[in-house]
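Trainee: Could you walk me through how to read aromatic pairs and helix packing in a model?

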Amino acid sequence: AAEEMRERYEALTGGGSRVTFGTFHSIFFRILKLAYRYTADNIVREEQQMQFVRELAQAGGLEPEDENEFAASILSEISSVKGERIALEHYYSSCCPDEVFRQIYQGYREACQSRRKLDFDDMLVCTYELLKARPDICRGWQKRFRYILIDEFQDTSRMQWDNFRL
């Protein structure tokens, strides 16, 4: 979608301006690459995510009927917690007992962090934390992106909006 917008913009204007096009994740990952020297190898793959959750569920004594469906549901809930900036103690899981979900959530975060891996939600969370903690870096990006147009704004999450407000 970002590439299509770029092509349409260049066709209308003849190109040549300093407009940057990208998805939330591509822009935020660019910020993290510059700040922390991340590469594509730091992005956790879907199968790794599923494996982390399956292992954590087993360690928590859960024996779901369909492990893959359960892991996908847990990962969706983890994404909701991160994307909507919900305090973990205020989140109530529909997949498993709340305390078990909290243990899986914490274990998943630790598994990613210990391997220096980011999921797509971490790209948003880590960018937010970086920009809040480092006003100098935040100012640099504010100067670079004086104006921001968000396509499909109605679909933005709280975390995406909080990042762009910075």
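This is a predicted model: local features need pLDDT of at least 70, side-chain atom pairs count only at pLDDT 80 or more; totals for chains, interfaces and linings use all residues.

Trainee: What describes a pair of aromatic rings?

Mentor: The distance of the centres and the angle of the planes describe such a pair. A search of the whole structure here finds ten aromatic pairs. In the pair of Phe153 and Trp161, the ring centres are 5.6 Å apart and the planes stand at 85°. Angles over 60 degrees count as edge-to-face, so Phe153 and Trp161 are an edge-to-face pair.

Trainee: What is the relative accessible area of Phe153, and what is the relative accessibility of Trp161?

Mentor: Phe153 has a relative accessible area of 40%, which makes Phe153 partly exposed. Trp161 is partly exposed too, at 38% relative accessibility.

Trainee: Which residues form one aromatic cluster?

Mentor: One cluster is formed by Phe24, Phe28 and Phe164.

Trainee: And what describes two packed helices?

Mentor: The angle between the axes and the distance between the axes. Take helix H2 (residues 24-36) and helix H6 (residues 120-133): their axes come within 9 Å and cross at roughly 55°. That angle makes H2 oblique to H6, and the crossing is left-handed.

Trainee: Which residues make the contact?

Mentor: From H2, the contact residues include Phe24, Phe28, Leu32 and Tyr36; from H6, they include Phe120, Met123, Thr127 and Leu130. Sorted by class, the contact of H2 with H6 has twelve nonpolar and two polar residues, with no charged ones. Notice that Phe24 and Phe28 also belong to the aromatic cluster with Phe164.

Definitions and conventions. Residues are numbered from 1 along each chain as its sequence is written. Side-chain values use heavy atoms; hydrogens and water are left out. Rings of Phe, Tyr and Trp (its six-membered ring) pair if their centres lie within 6.5 Å; planes under 30 degrees apart count as stacked, over 60 as edge-to-face and the rest as tilted. Buried means under 20% relative accessible area, exposed over 50%, partly exposed in between (1.4 Å probe, protein chains only). Axes are lines fitted to C-alpha atoms, for helices over the stretch in contact, and angles run from 0 to 180 degrees between N-to-C directions. Helices (H or I, at least four residues) and strands (E, at least two) are DSSP runs, numbered from the N terminus. Angles under 35 degrees count as roughly parallel, over 145 as roughly antiparallel, 65 to 115 as roughly perpendicular and the rest as oblique. A crossing is left-handed if the near helix is turned anticlockwise from the far one by less than a right angle, and right-handed if clockwise. Contact means heavy atoms within 4.5 Å. Ala, Val, Leu, Ile, Met, Phe, Trp, Tyr, Cys and Pro count as nonpolar, Asp, Glu, Lys and Arg as charged, and the others, Gly among them, as polar.
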